[in-house]
Amino acid sequence: MQHFEGKVALVTGGSSGIGRAAARLFAQRGARVVIAARGVERGEEAAHEIVEAGGEAVFVRADVGNAADVEHLVARTVEVYGRLDYGFNNAAVAKGAFALTADFDEEEFDEVMGVNLKGVWLCMKHEIRQMLAQDPPGGAIVNTSSVNGLGGSPQGALYSAGKAGVLALTKSAAQDYAQQGIRINALVAGAFHTPMLEGVFQKISGGDPSKIAAVQAQYTGMVPMRRIGKPDEAAEAALWLCSDAASYVTGHSMIVDGGWTASMR
Ligand SMILES: NC(=O)c1ccc[n+]([C@@H]2O[C@H](COP(=O)([O-])OP(=O)(O)OC[C@H]3O[C@@H](n4cnc5c(N)ncnc54)[C@H](OP(=O)(O)O)[C@@H]3O)[C@@H](O)[C@H]2O)c1
């Protein structure tokens, strides 16, 4: 098991789902963790849960789509813990889906790109500057993409485009900073039991509780492992990409999907 003793990890979207699992695992393995999200109550609760379990964590409120918030987030991380070793840029909204491509409006395009794509870039921008400036320099960044970013998805053009953009940002930045000790990779997530996916099931089933099980079974049926992933199973991959065990891995898109897209690749 990789230990992160003395290291500092920033997890955006760390108050829920995959990010919350990653924050907990980072802390269990010795990292000091900064959890970022918009919602204060859930964020404070996530940090409190780690501290109660004997770990170190603080919550910093930030909207990743807001440049000033992200600049403050990284500055606050350094103020509290002295440096930044790992950035897990994982926050996103499940917008830009459930409509045909021509039926989205401009506001939805701007919102989904503003959070899911620009948000990742803003986080990388400030994290990289910090990682270059600190002593010793360097670090590792993982950006959360989705299998929808690989091949697109019906009625999911904007969400998919944002997630495809995350892959291009990741691969480009990985090449830019490979010689400066910063590794940058992407977690390409399949389906995981989180509030976001529960929301998707709700939407597809039209809010009818009797139909939710059928929708879930439909998803499960597409996955060769015949189950939806647990948040910890996505988080473990992100932590491995951050760890020294992945010291020669950069610009990689790590697909963690129970085999869902294996036949399409
Ligand atoms: N679950 C899946 O099946 C699945 C599949 C593929 C990819 N993914 C990706 O995995 C990542 C995590 O998703 P999840 O399923 O764990 O979702 P989740 O449970 O809904 O958690 C999303 C997190 O992001 C935060 N967030 C949302 N908008 C934000 C913003 N503008 N600024 C800062 N924080 C923001 C949320 O907190 P606040 O709302 O309080 O800000 C929350 O902490 C996302 O990138 C998602 O696209 C998930």
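Analyst: The protein is split into domain 1 (8-191 + 230-256) and domain 2 (193-228), with bounds that come from an automatic or database domain assignment. This is a predicted model, in which local features need pLDDT of at least 70 and side-chain atom pairs count only at pLDDT 80 or more, while totals for chains, interfaces and linings use all residues. Numbering starts from 1 along each chain as its sequence is written.

Taken over C-alpha atoms, the centres of domain 1 and domain 2 are 24 Å apart. Nine residues of domain 1 are in contact with eleven residues of domain 2 (C-beta atoms, placed from the backbone, within 7 Å). The side of domain 1 that touches domain 2 consists of five nonpolar, three polar and one charged residues (nonpolar: Ala, Val, Leu, Ile, Met, Phe, Trp, Tyr, Cys and Pro; charged: Asp, Glu, Lys and Arg; polar: the others, Gly among them).

Now the site itself. Both domain 1 and domain 2 give residues to the shell around the ligand, so the ligand lies between them. The shell holds 31 residues, and the closest are Gly13, Gly17, Arg38, Gly39 and Ala92 (C-beta atom, placed from the backbone, within 6 Å of the ligand). Two or more shell residues come from each of helix 1 (17-28), strand 2 (32-37), helix 4 (106-133), strand 5 (139-146) and helix 7 (195-204) (DSSP runs numbered from the N terminus: helices are H or I with at least four residues, strands E with at least two). By class, the shell has 15 nonpolar, 13 polar and three charged residues.

For helix 1 the partner is helix 9 (residues 231-242): the axes are 8 Å apart and the angle is about 60° (axes are lines fitted to C-alpha atoms over the stretch in contact, and angles run from 0 to 180 degrees between N-to-C directions). Helix 1 is therefore oblique to helix 9 (under 35 degrees is roughly parallel, over 145 roughly antiparallel, 65 to 115 roughly perpendicular, the rest oblique). On helix 1 the contact involves Gly17, Ile18, Arg20, Ala21, Ala22, Leu25 and Phe26; on helix 9 the residues are Pro231, Asp232, Ala234, Ala235, Glu236, Ala238 and Leu239. Ten of the residues in this contact are nonpolar, one is polar and three are charged.

For helix 4 the partner is helix 6 (residues 157-177), with axes that come within 9 Å and cross at roughly 15°. That angle makes helix 4 roughly parallel to helix 6. Among the residues that meet are Phe109, Val112 and Trp121 in helix 4 and Leu158, Gly162 and Tyr177 in helix 6. This contact comprises 14 nonpolar, three polar and two charged residues.

In the loop between strand 4 (86-89) and helix 4 lies Phe98, which has a positive phi of about 70° although it is not a glycine. Pro136 is in the loop between helix 4 and strand 5, and the peptide bond from Asp135 to Pro136 is cis, with omega near -5°.

Technical notes. Two residues are in contact if their C-beta atoms, placed from the backbone, lie within 7 Å.
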